[in-house]
Amino acid sequence: MTLLSLHRRDELYVENDGVNGDGLGVYALASQDETGTCLHVWNYSKQTARVSILLQNAPATTGQSRYYVLDARNNNVLTAPNDPGRLRFTDAAPLTGRSDLRLELEPYAHALWLQMVSLQP
């Protein structure tokens, strides 16, 4: 739920060809508002998925960037019972106006990029 709460106010259009006829595969959501951009992908299947994302026409932003992964090794209280349960970012890699992102998602894993805009007083 914490990961979903990072989404922004306005949903962005996403084209997705990673879902099969049974509804299994890779899904994606993107959102944006004046505070930043959020891109979220997840693998809803029992097999590891190679994911390729082409992000186009995203605004060029400056500010803090965070990348979160939920899988067997990261942010998972089921596989690490002593984990405090707080979402921790995995890396910091900015989204640009045009990004070509590639990753492997293990079964039922989630990945989320969050680009926060620097607000000037």
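In what order do the 5 strands of the open sheet come? Keep that in mind while you take in the whole chain, and remember that this is a predicted model.

**Stop 1: the whole chain.** Colour by secondary structure. The protein has 121 residues, and 36% of them count as buried. Look at the contacts between residues at least 6 apart in sequence: 64% of them join residues at least 24 apart.

**Stop 2: the open sheet.** Now for the question. The order is S1-S2-S3-S7-S5, and the pairing is antiparallel. S1 and S5 are the edge strands, each pairing on one side only.

Select residues 10–11, which make up strand S1, and then S2; these two run antiparallel and are joined by 2 bridges. Click on glutamate 11 and you'll see serine 31 of S2 standing opposite.

Next, show S2 together with S3. Here 9 bridges join the antiparallel pair, and a hairpin gets the chain from S2 to S3 through 2 residues. Two spots to check along this pair: valine 26 stands opposite asparagine 43 in S3, and leucine 29 has histidine 40 in S3 as its bridge partner.

**Stop 3: the inside.** Time to show some side chains. In soluble globular proteins, nonpolar side chains tend to be buried together. Which residues have the most contacts inside the largest nonpolar core? Select Val51, Ile53, Leu103, Leu105, Ala111 and Trp113; the core they belong to has 15 residues. At least two core residues come from each of these strands: S2 (25–33), S3 (36–44), S4 (49–55), S5 (65–70), S6 and S7. There is also a second, separate core of 6 residues, and among them are Leu3, Leu6, Cys38 and Tyr68.

**Stop 4: charged pairs.** The count of salt bridges comes to 5. Start with arginine 50 and glutamate 104, whose closest N and O atoms are 3.1 Å apart. Arginine 50 is in strand S4 and glutamate 104 in strand S6, so this pair links distant parts of the chain, 54 residues apart. Are these two buried or exposed? Both arginine 50 and glutamate 104 are exposed.

Move on to glutamate 106 and arginine 73, where the side chains meet in a salt bridge at 3.2 Å, N to O. Glutamate 106 is in the loop between S6 and S7, while arginine 73 is in the loop between S5 and S6, so the pair ties together parts that are 33 residues apart in sequence. Arginine 73 is exposed, with a relative accessible area of 63%.

Now pick Arg9, Asp10 and Glu34: salt bridges that share partners join them into one network. Within it, aspartate 10 and arginine 9 have their closest N and O atoms 3.1 Å apart. Aspartate 10 is partly exposed at 35% relative accessible area, whereas arginine 9 counts as exposed at 54%.

**Stop 5: the surface.** The protein exposes about 7,900 Å², and carbon and sulfur atoms supply 51% of that. Select Leu24, Tyr44 and Tyr108 to find a nonpolar surface patch of about 300 Å². Where is tyrosine 108? Look in the loop between strand S6 (99–105) and strand S7 (110–116). Tyrosine 108 is partly exposed, with a relative accessible area of 44%.

Technical notes
Residues are numbered from 1 along each chain as its sequence is written. This is a predicted model: local features need pLDDT of at least 70, side-chain atom pairs count only at pLDDT 80 or more; totals for chains, interfaces and linings use all residues. Side-chain values use heavy atoms; hydrogens and water are left out. Patches are made of residues with over 30% relative accessible area and no salt bridge: like charges are joined within 9 Å, nonpolar side chains (Val, Leu, Ile, Met, Phe, Trp, Tyr) within 5 Å. Accessible areas come from the Shrake-Rupley method with a 1.4 Å probe; for residues, only the protein chains shown count as cover. A salt bridge is a side-chain nitrogen of Lys or Arg within 4 Å of a carboxyl oxygen of Asp or Glu. Helices (H or I, at least four residues) and strands (E, at least two) are DSSP runs, numbered from the N terminus. Buried means under 20% relative accessible area, exposed over 50%, partly exposed in between (1.4 Å probe, protein chains only). Contact means heavy atoms within 4.5 Å. A nonpolar core is a set of buried Ala, Val, Leu, Ile, Met, Phe, Trp, Tyr and Cys residues joined through side-chain atoms within 4.5 Å. Two strands pair if DSSP finds at least two bridges between them.
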